[in-house]
Amino acid sequence: MALDQEYFDSIHIDVVKKKYYNANKVEAIFADIRRQAEALTEENAMLRRRVEELSGRRSELSAAAYSAQEVYQIILRSEERRVG
């Protein structure tokens, strides 16, 4: 189950009605929240690494495209001189 509003709305600990709570039930809910938070933290770290990796590749591709464009311009000028 995801840590979303529906999840938190589904938690019903009847403290007000009974004036007590089942400590095991509360601990189980907190343990579930901790597990999901840890999983989300790991996923977030993995996604951050992936974004950094893709950002680096984007920079490389941008530099390669710029170099290709420069080579293309050199070839065009060379061809214009040869023909012209």
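Arginine 50 counts as partly exposed, at 37% relative accessibility. Here buried means under 20% relative accessible area, exposed over 50%, and partly exposed in between (1.4 Å probe, protein chains only). This is a predicted model, in which local features need pLDDT of at least 70, side-chain atom pairs count only at pLDDT 80 or more, and totals for chains, interfaces and linings use all residues. Residues are numbered from 1 along each chain as its sequence is written, and side-chain values use heavy atoms, with hydrogens and water left out.

**Fold and confidence**

The protein chain has three helices and zero strands. Its pattern along the sequence is α-α-α. Helices (H or I, at least four residues) and strands (E, at least two) are DSSP runs, numbered from the N terminus.

Confidence is given as pLDDT, the predictor's score for each residue, from 0 to 100. The chain averages 83, and 88% of the residues score at least 70. Helix α3 (residues 23-83) has the highest confidence, at a mean of 88. Helix α2 (residues 15-18) has the lowest, at 55.

**Surface**

Of the 84 residues in the protein chain, 6% are buried. The accessible surface comes to about 7700 Å². Carbon and sulfur atoms account for 56% of that surface. These areas come from the Shrake-Rupley method with a 1.4 Å probe; for residues, only the protein chains shown count as cover.

**Salt bridges**

The whole structure holds four salt bridges. The criterion is a side-chain nitrogen of Lys or Arg within 4 Å of a carboxyl oxygen of Asp or Glu. Among them are these:

| Pair | Closest N to O distance |
|---|---|
| Arginine 50 and glutamate 53 | 2.6 Å |
| Arginine 57 and glutamate 53 | 3.3 Å |

Arg50, Glu53 and Arg57 are linked in a network of salt bridges. Glutamate 53 bonds to arginine 50 and also to arginine 57. Arginine 50 and glutamate 53 are three residues apart in helix α3, so about one helical turn separates them. Arginine 57 and glutamate 53 also lie in helix α3, four residues apart, about one turn of the helix. Glutamate 53 is partly exposed, at 37% relative accessibility. Arginine 57 is partly exposed too, with a relative accessible area of 43%.

Glutamate 79 and arginine 82 form another pair in helix α3, three residues apart, about one turn of the helix. Glutamate 79 is partly exposed, at 36% relative accessibility. Arginine 82 is exposed, with a relative accessible area of 62%.
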